[in-house]
Amino acid sequence: MADDRMADIFAAVRLGSDDPAAARKALGALWDELDPVAAPLQRCVVAHHLAVLQDDDHRALAWDQRALACIFTPGVALDEGMRCFLPSLYLNLADSHRRVGDFDAARMQLAIARGHLRILADDAYGALIRTGLDRVEEALRAGETQRLRSA
């Protein structure tokens, strides 16, 4: 059942490249359907992608915060899959805080993300997250608040 839900989530995510509004609608429906305790990772993935699809940086930040909160749902064990997602979640939080001009919070989130890097493998995904952290840190140093271009 969980695999079916992940397939539904990724089908909705794929809509985002052509039709962000349709992706937001589909992911929003999944968010409403998924049980916070029974499906914390799925809800985290939904919130994570909803954050990316937001046009407004404050809304993106709110979804990034929801994504992280899903991982730390009371009564839910923090398993390996969830721990591997933490560097990315904190990276996105840092970037959202930077984009809304909260540079202190962005720096704090970057530090937390870097503290979780040891869990990532030395592979393409790990490199993507490490590069993302460097890019956000550089934008912070420059005082930039605009969205970063995709690498």
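Q: How are α3 and α5 oriented to each other, roughly parallel or roughly antiparallel?
A: This is a predicted model. In it, the axes of α3 (residues 40–52) and α5 (residues 80–99) cross at roughly 25°. Angles under 35 degrees count as roughly parallel, and α3 and α5 are therefore roughly parallel to each other.

Q: Within what distance do the axes of those two helices come?
A: The axes of α3 and α5 come within 12 Å.

Q: And is the crossing left-handed or right-handed?
A: The crossing of α3 and α5 is left-handed.

Q: Which residues meet there?
A: From α3, Pro40, Leu41, Cys44, Val45 and His48 take part, and they meet Met82, Phe85, Ser88, Leu89 and Asn92 of α5. By class, seven residues of this contact are nonpolar and three are polar, with no charged residues.

Q: Changing topic, how many residues does the largest nonpolar core have?
A: The largest nonpolar core has 41 residues. Those with the most contacts inside this core are Ile9, Leu27, Cys44, Val46, Leu89 and Leu133.

Q: Which element gives the most to that core?
A: Helix α5 does, with eight residues.

Q: What does Ile9 touch?
A: Apart from its neighbours within four places in sequence, Ile9 is in contact with Leu27, Leu30, Leu34, Gln42, Val45 and Val46.

Q: One more: is Gln109 buried or exposed?
A: Gln109, which lies in helix α6, has a relative accessible area of 9%. Buried means under 20%, so Gln109 is buried. Beyond its neighbours within four places in sequence, Gln109 is in contact with Tyr90, Leu93, Ala94 and His97.

Terms used. Residues are numbered from 1 along each chain as its sequence is written. This is a predicted model: local features need pLDDT of at least 70, side-chain atom pairs count only at pLDDT 80 or more; totals for chains, interfaces and linings use all residues. Side-chain values use heavy atoms; hydrogens and water are left out. Axes are lines fitted to C-alpha atoms, for helices over the stretch in contact, and angles run from 0 to 180 degrees between N-to-C directions. Helices (H or I, at least four residues) and strands (E, at least two) are DSSP runs, numbered from the N terminus. Angles under 35 degrees count as roughly parallel, over 145 as roughly antiparallel, 65 to 115 as roughly perpendicular and the rest as oblique. A crossing is left-handed if the near helix is turned anticlockwise from the far one by less than a right angle, and right-handed if clockwise. Contact means heavy atoms within 4.5 Å. Ala, Val, Leu, Ile, Met, Phe, Trp, Tyr, Cys and Pro count as nonpolar, Asp, Glu, Lys and Arg as charged, and the others, Gly among them, as polar. A nonpolar core is a set of buried Ala, Val, Leu, Ile, Met, Phe, Trp, Tyr and Cys residues joined through side-chain atoms within 4.5 Å. Buried means under 20% relative accessible area, exposed over 50%, partly exposed in between (1.4 Å probe, protein chains only).
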